[in-house]
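Colleague: Could you walk me through the terms you use for this model? I would like to see each one set against its definition.

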Amino acid sequence: MSRNLILGAALSSLVVLAALVSFIWTPYDHAALDIPSKLATPDNTHWFGTDHFGRDMFSMIMVGARTSIAVALVAVGIGIALGVPLGLTAAARKGSWLDEVIMRGNDLVFAFPSLVIAILITAVFGAGAINAIIAIGIFNIPVFARISRGAALSLWEREFILAARVAGKGTARISIEHILPNVANLLIVQGTIQFSLGILAEAGLSYVGLGAQPPTPSWGRMLADAQTMVGIAPHLALIPGLAIIVTVLGLNLLGDGLRDWLDPRIRVARA
Amino acid sequence: MGMQSVRSFTSALALGAILIGSQAFAKSDITIAMQLEPPHLDPTSAAAQAIDSVVYTNVFEGLTRFMGDGSVVPGLAESWEISDDGKVYTFKLRDGVTFHDGTAMDAEDVKFSLDRATAEDSTNAQKALFAGIESVEVVDPLNLKVTLKEPNGNFLFNLAWGDAVIVAPESIENIKTNPVGTGAFTFDNWVQGDSITLKRNPNYWGEEPALESATFKFISDPTAAFAAMMAEDIDAFDNFPAPENLPQFEADPRFQVLVGSTEGETILSTNNKQPPFDDIRVRQALAHAIDRQAIIDGAMFGYGTPIGTHFAPHNPAYVDLTGVSAYDPEKSRALLAEAGFEGGFETTLHLPPPSYARRGGEIIAAQLADVGIKAEIINVEWAQWLESVFKGKDFGLTIVSHTEPMDIGIYARPDYYFQYDSTDFQALMDTLNSTTDPDERTKLMGEAQRLISNDYVNGFLFQLAKLGVAKAGIQGLWENAPTAAIDLTAISWSE
């Protein structure tokens with residue numbers, strides 16, 4: 001296992017752990033205001049200090065991790081659930097009108113800058129975590145559709161698929177039983193990368209006020225709230241900013257490491 | 001020609017250089033930033049405060065005008081006489097006043113302006129100011145008689161509003177984009193989305209202002225406001241949007257900070273017709289659930305005065321009623337239980353962009369959650385707020401600052417967006433409007449304040465502070481905001 005993989009896994013699981021633990025324990029109630037002790041710098045009582053309402057930043061970061069992960073996870077889930085079947089279908093019907101419709105549809109979605117459209121969707125249908133998930137999720141569909149189609153196309157030429165065909169299996173069955181397991185590695189790697197992009201997108205949407213609404217903590221909104229206070233309380237911006245960096249960096253390293261680890265060619269070369 | 005003319009030419013050059021040099025030292029222009037851009041520039045047909053900020057007393061003047069301390073002094077009317085029954089006002093206009101297009105300002109223009117405001121199809125945003133006018137009669141070009149239906153002790157005050165400025169029939173058509181008034185400054189240029197420039201009016205009837213030109217720049221983002229001020233891109237910010245940054249300006253010798261009061265009663269507006277807020281016990285429970293000081297400290301970083309009714313604390317007639325709705329969550333829970341909401345209820349909290357609303361809303365939502373009321377926060381832009389909350393009345397709770405001066409009268413309008421319908425209060429307002437005796441008026445205003453306080457119409461939070469930031473050398477800025485205005489006539493740069 002590469003160093004990237006270990007470091008990435010460690011950082012990612014740290015964030016996931018924080019999110020999971022926040023369900024049963026946080027040092028303080030993340031929503032409890034304590035205005036007299038606002039803008040406290042990090043110390044023993046408040047590990048990450050307090051924000052402009054005196055809320056405990058550590059608790060907010062923990063619960064914020066939950067928000068980020070939930071939004072990104074579901075968004076990636078939407079991408080996989082809809083994108084992979086579309087991609088596999090397109091590959092199985094290569095060159096047919098169905099392939100054309102699916103892939104040109106994907107191109108259409110790809111043609112738009114994703115964050116701008118996400119802003120449009122949330123602006124039209126209302127700000128909130130659910131709409132943010134849908135907005136981010138839509139842009140994950142073509143990513144997974146393309147990657148699974150590309151990988152599946154080369155698989156369809158292989159002998160074992162031919163064997164399956166000779167054995168009388170239908171296209172759908174081959175796709176599910178033989179193609180899907182063989183593209184799974186690629187999907188896991190891409191899923192990790194998309195997951196980190198999803199976290200960035202959620203932070204971006206929350207930053208402009210279109211993500212999770214208060215009082216649900218969100219890293220992006222914490223950054224936005226901190227903007228005018230950078231001069232008097234820099235930790236307000238530094239801490240959520242670092243949280244985003246750590247998470248995205250961790251997931252990207254993890255994705256890189258997983259690719260190296262799962263790719264048979266590199267594995268063989270290394271051995 | 002010859003040596004002589006060359007010498008006189010060089011001395012003329014030298015003289016010119018001296019003149020130019022001295023002009024460069026005495027700075028005579030200013031750039032003042034404000035948060036919102038006006039939709040247009042006609043103060044007589046819109047409620048937008050930003051219009052008044054730009055044009056009030058600068059471009060347009062009324063018969064009377066507000067001073068920075070809130071007093072009402074003669075404007076285009078030099079003097080007036082009031083008949084013994086208090087119904088007939090005879091105004092003597094200033095002689096020699098002209099509009100910026102060169103036409104003379106006379107009694108006909110005043111009649112035109114007042115008739116326009118009172119007309120059936122008037123688009124004036126404050127029609128109530130003029131509702132008491134029965135007729136306007138031109139005696140001669142400089143004298144004008146206004147007859148009221150009832151005596152109105154507030155009449156001269158009403159005429160000082162930006163909605164009552166004098167406009168000319170010759171220039172009314174394009175007033176929204178090319179305002180032509182009588183003021184010390186003329187409209188020069190409007191770069192949409194960026195700034196408006198005014199120039200000194202060389203033919204002004206009054207004292208010549210120190211400034212030659214002024215630019216109003218629109219900066220809505222608090223972070224950008226801070227950066228622009230710190231970089232000295234702007235000379236002053238009318239009402240600085242981020243109170244948390246004021247200590248940094250105070251500590252910086254380049255700047256001065258002017259903390260004053262506005263006429264803005266900041267309230268948790270409650271939809272009195274929407275259940276469960278139609279139950280006074282629920283509204284009372286709301287009032288007792290709110291910790292005002294926490295909101296002032298948390299949202300405004302300590303700037304603001306707690307209020308217990310819809311009235312400005314700096315007004316002599318103000319009654320301190322904060323005790324009526326003191327912070328008492330226990331009592332709030334008991335009242336909710338009594339009203340049948342033991343486990344609380346759900347409602348909406350619409351928040352417009354200013355930080356008093358957005359931050360104040362987060363604090364209030366937490367305080368309400370503490371007594372069991374779950375208020376869903378819905379952040380809205382101003383246009384949305386006007387559409388769905390103000391016009392559509394589709395809201396449970398909202399936070400907004402009512403910045404018009406002496407606006408307790410809005411509680412007598414049952415169709416106003418918070419929909420308070422009390423015949424007692426409406427009768428009280430009628431009595432107040434027809435009373436001219438100052439002591440009696442003070443008493444009635446006290447009664448009105450108590451009535452809405454005891455009815456818990458809205459959650460009364462705090463009086464909005466005016467947080468002005470300016471470069472150290474600027475003099476004559478208004479510290480308080482008795483009305484929305486950036487009065488350029490008194491502003492100057494110290495050497």
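This is a predicted model: local features need pLDDT of at least 70, side-chain atom pairs count only at pLDDT 80 or more; totals for chains, interfaces and linings use all residues.

Colleague: Why is helix α10 of chain B called largely enclosed?

Modeller: Because 13 of the 17 residues of α10(B) are buried. Buried means that 20 or more other C-beta atoms, placed from the backbone, lie within 10 Å of the residue's own.

Colleague: How do you know what span to expect for α10(B)?

Modeller: The expected span is 1.5 Å times one less than the number of residues. With 17 residues (355-371), α10(B) reaches 24 Å from first C-alpha to last, close to the 24 Å expected.

Colleague: Where is the kink in α10(B)?

Modeller: The kink is centred on Gly361(B) and is about 25°; the bend is the angle between axes fitted to the seven residues ending there and the seven starting there. Just after α10(B), Gly372(B) has a positive phi of about 105°.

Colleague: What makes chains A and B count as in contact?

Modeller: Two residues are in contact if their C-beta atoms, placed from the backbone, lie within 7 Å. By that rule, 16 residues of chain A touch 16 residues of chain B. The chain A side divides into nine nonpolar, six polar and one charged, with Asp, Glu, Lys and Arg counted as charged, Ala, Val, Leu, Ile, Met, Phe, Trp, Tyr, Cys and Pro as nonpolar, and the others, Gly among them, as polar.

Note on methods: Residues are numbered from 1 along each chain as its sequence is written. Chains are lettered from A and ligands numbered from 1 in the order in which they are written. Helices (H or I, at least four residues) and strands (E, at least two) are DSSP runs, numbered from the N terminus. A residue is buried if 20 or more other C-beta atoms lie within 10 Å of its own, exposed if 12 or fewer, and partly exposed in between; C-beta atoms are placed from the backbone.
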